[in-house]
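Trainee: I'd like to learn how to read a structure like this one. Can we go through a few features together?

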Amino acid sequence: MAAQQDLTGMTCEPCRGGIPPMDRAMADSYLVQVPGWSIKANPDRLERDFRFANFREAQAFAMRVGDLCESEGHHAEIQYGWGHCTVTFWTHKINGLHENDFIMAAKVNGLSDEPYVPASESMGDVSPTART
């Protein structure tokens, strides 16, 4: 069963629709592998709110999540503001949960454990005098 594998080592497989969403018992068996996430209803979806010290950290995290989603081809709903970033996954084509949603949640958890690098440091010197 895939639920017993390390989700962070898996990649998302394209979901073409036409399959039923994951039932709640199966979703609960995957949920234990993504600490901090919860299942919300209508439609069933995974959601987690991450907390940060300020707006810049929340925004940087949202950007990292967005980059991950692009690289995996499985996109999240991302909302952020001062000190928080809420990430939500569900598979739109089946209007519910799929293994891909849990893979992405596990990978996003990995991002939250990374040290924060302020945008000003990660982008180098972006001042007007740095341009030649």
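Trainee: Leaving aside neighbours within four places in sequence, which residues is Phe52 in contact with?

Mentor: Keep in mind that this is a predicted model. Contact here means heavy atoms within 4.5 Å. By that cut-off, Phe52 touches Glu57, Ala58, Phe61, Gly83, His84 and Cys85.

Trainee: And where is Phe52 found?

Mentor: Phe52 sits in the loop between strand 2 (45-51) and helix 2 (55-72). Look across to His84: 32 residues separate the two along the chain, yet their C-alpha atoms are 5.6 Å apart.

Trainee: How many bridges join strand 4 to strand 2?

Mentor: There are 6, and the two strands run antiparallel. Find Arg48 and you'll see Val87 of strand 4 opposite. Strand 3 (residues 77-81) is also antiparallel to strand 4, with 5 bridges, and Glu77 stands opposite Thr88.

Trainee: What do strand 3 and strand 4 form?

Mentor: A hairpin, with 2 residues between the strands. Check Gly83 in the turn: its phi is positive, about 80°.

Trainee: Last one: what lines the largest pocket?

Mentor: The pocket has a volume of about 200 Å³ and 13 lining residues, with Cys15, Gly73, His74, His75 and Thr91 nearest its centre. By class, the lining has 4 nonpolar, 6 polar and 3 charged residues.

Methods: Residues are numbered from 1 along each chain as its sequence is written. This is a predicted model: local features need pLDDT of at least 70, side-chain atom pairs count only at pLDDT 80 or more; totals for chains, interfaces and linings use all residues. Side-chain values use heavy atoms; hydrogens and water are left out. On a 1 Å grid over the protein atoms alone, a cavity is a set of points where a 1.4 Å probe fits but cannot get out, and a pocket is an open set with protein on both sides within 12 Å along at least five of seven lines; lining residues have an atom within 4 Å of a point. Grid points are joined across faces, edges and corners, and a volume is the space filled by probe spheres set on the points. Ala, Val, Leu, Ile, Met, Phe, Trp, Tyr, Cys and Pro count as nonpolar, Asp, Glu, Lys and Arg as charged, and the others, Gly among them, as polar. Helices (H or I, at least four residues) and strands (E, at least two) are DSSP runs, numbered from the N terminus. Two strands pair if DSSP finds at least two bridges between them.
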